[in-house]
Amino acid sequence: MWVEASAPSNIALIKYMGKTDANANRPTNSSLSYSLDRLRSFVRINKNRNLATDQWSALKRADLRAIELSEKGKEKFLKHFVLLKKEFKITDHFEIESANNFPSDCGLASSASSFAALTLAAHNWMIESAEGMPVPYRPKELAKLSQKGSGSSCRSFFTPWALWHSTGAESISFPYENLKHQVILCDENIKLVSSSEAHTRVLTSDLFKGRPARAEERLQNLIQSLRKEDWKKSFEIVWNEFWDMHTLFHTSVPAFMYMNEMTVKALRDLHQMWQENDDGPLITMDAGSNIHLLYRPDQKASYFEVISHFRPLANLWTDEGYLAKK
Ligand code: DP6
């Protein structure tokens, strides 16, 4: 019996960067994210008593893009599955297959959606294979479990907005429920420093002192500005937040950088567009070179202006799919 689940990716506007407990993925500060419903991971699992250990392979399906996991990536994924089996009292070994509905070789891949989907698949197995009436876990409980596998995955259980704070992740609502999403793909290669490594390195930056307090204050200000529908203020807070995180990268020991020439040019151009129009998308970056943009539904003109400006310079990911540079 194959059991399947899927989960969306999410983009943080206030970042999870730095852990107080690396084993439990306990963050140094709260974070806030928007779920990217169109960027999804799919996981299916099947019990196989002939296996000596759990096994991962790429899920091959016409509508999905098969992924390749590194040895380290596979190990982290399978370790989380062992934890899930223990929690849900599942015995024996499983075949586990996963894939994304977006290309994973262009720097969009995120562990959030795949760990959330794995947690949901194991939970679905527990429900479907139980005799009698099993009590399903609530999303908050599933998020707590998923956090143990990969921190940011706990936010993928809530759509469209998720707040992850000291008591766990939960849903939070704002007047903006249907944002459009674009990514300027400034580098599509595998990153040299993983985000897990980044979490450790930022603690060595002189600027990390004060970071948790800065992030918490920014979070409160962003919640206020989103509630008041003050888009410009929200843009300014989100802009400062990703620069704060990247400055930590640039000042870690040893220092590292994800931004490249294309990233800096794109950020300059986007900033100028904002100045000219006194409006524009929310701009943010993850631990990588790519730039994520979020638009209100009434900002179609700006959305298409960005496509025509950047298409000659870089590949783009949009809500309509992948747009190759031309
Ligand atoms: C930069 O959740 O990938 O995307 O808990 O070690 O798996 P682990 O880290 P991960 O970190 C994501 C960091 C980030 C910011 C964010 O999503 O908040």
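View 1. The structure, a predicted model, holds 1 cavity of 30 Å³ or more. About 40 Å³ of space lies in the largest cavity.

**View 2. Residues that line the largest cavity.** The lining is made up of Leu-270, Met-273, Trp-274, Asn-277, Asp-279, Gly-280, Pro-281, Ser-302, Glu-305 and Val-306. Two elements, α7 (261-277) and α8 (300-310), each give two or more residues to this lining. Helix α7 provides the largest share, 4 residues.

**View 3. Residue classes in the lining of the largest cavity.** Sorted by class, the lining has 5 nonpolar, 3 polar and 2 charged residues. Leu-270, Met-273, Trp-274, Pro-281 and Val-306 are lining residues that count as nonpolar. Asp-279 and Glu-305, also in the lining, count as charged.

View 4. The secondary structure of the chain comes to 8 helices and 14 strands. The radius of gyration of the chain is 20 Å, close to the 20 Å given by the globule rule for 326 residues, so the chain is as compact as a globular protein of that length. The C-alpha trace spans about 65 × 45 × 40 Å along its principal axes.

**View 5. Burial, contacts and surface of the chain.** Of the 326 residues in the chain, 54% are buried. Among contacts between residues at least 6 apart in sequence, 73% join residues at least 24 apart. The accessible surface of the chain comes to about 15200 Å², and 51% of this surface belongs to carbon and sulfur atoms.

Notes. Residues numbered from 1 in each chain as written. Predicted model: local features only at pLDDT ≥ 70, side-chain atom pairs only at ≥ 80, totals over all residues. Heavy atoms only, no water. 1 Å grid on protein atoms, 1.4 Å probe; cavity = no way out; pocket = protein on both sides within 12 Å on 5 of 7 lines; lining within 4 Å. Points joined across faces, edges and corners; volume = space filled by probe spheres on them. Rg over C-alpha atoms; globule rule 2.2 N^0.38 Å. Buried < 20%, exposed > 50% of the residue type's maximum accessible area, 1.4 Å probe, protein only. Contact = heavy atoms within 4.5 Å. Areas by Shrake-Rupley, 256 points an atom, 1.4 Å probe, with all protein chains shown as cover.
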